[in-house]
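Me: I have a model to go through with you. Can we start with confidence and then look at the core?
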Amino acid sequence: GDLEKNIALLKEIYASRLNVMDKALKEFLPLAEYTLPQGGFFFWVRIPGQDTAALRKKAKNFKVDFRQGVLFSAEKGLQEYMRLCFAFYKEDEIREGVQRLATCTLD
């Protein structure tokens, strides 16, 4: 029962989390390039000049993680891209994670 009610609640939660990640990216990673997801649970983020495979190794020291774009490329492209999930984390965790990621890129 209450399927429609549950779907409405999840849509509200995910929309809020998406907005939090959008604002955090703009605040903490202003050079990042991305478009707002129109479906799914991930932001595809490009940081020009940043090798995300190397960044991911560094990010572990900051207790933050992401999937580098090269994992999703048949031609080993997308080295400057990362996939960030907003669906599974609370709003404060999203904001903190983006802030840690930004600190990691500066280190």
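Reply: pLDDT is the predictor's confidence in each residue, from 0 to 100. This is a predicted model, so local features need pLDDT of at least 70, side-chain atom pairs count only at pLDDT 80 or more, and totals for chains, interfaces and linings use all residues. Residues are numbered from 1 along each chain as its sequence is written, and side-chain values use heavy atoms, with hydrogens and water left out.

Me: Where is confidence lowest and where is it highest?
Reply: The lowest mean is 93, in α2, and the highest is 97, in α1. Helices (H or I, at least four residues) and strands (E, at least two) are DSSP runs, numbered from the N terminus. The protein averages 94, and 100% of the residues score at least 70.

Me: How many residues are in the largest nonpolar core?
Reply: 23. Such a core is a set of buried Ala, Val, Leu, Ile, Met, Phe, Trp, Tyr and Cys residues joined through side-chain atoms within 4.5 Å. Buried means under 20% relative accessible area, exposed over 50%, partly exposed in between (1.4 Å probe, protein chains only).

Me: Which element gives the most to this core?
Reply: α1, with six residues.

Me: What does L84 contact?
Reply: Beyond its neighbours within four places in sequence, L84 contacts M21, L25, F41, F42, F43, V45, F66 and L101 (heavy atoms within 4.5 Å).

Me: Switching to D22, is that buried or exposed?
Reply: D22 is buried, at 9% relative accessible area. D22 sits in helix α1.

Me: What joins the side chains of D22 and Y34?
Reply: A polar contact of 2.5 Å. That term covers a pair of N or O atoms within 3.5 Å; within protein, one must be able to donate a hydrogen and the other to accept it, and residues adjacent in sequence count only if both atoms are side-chain atoms.
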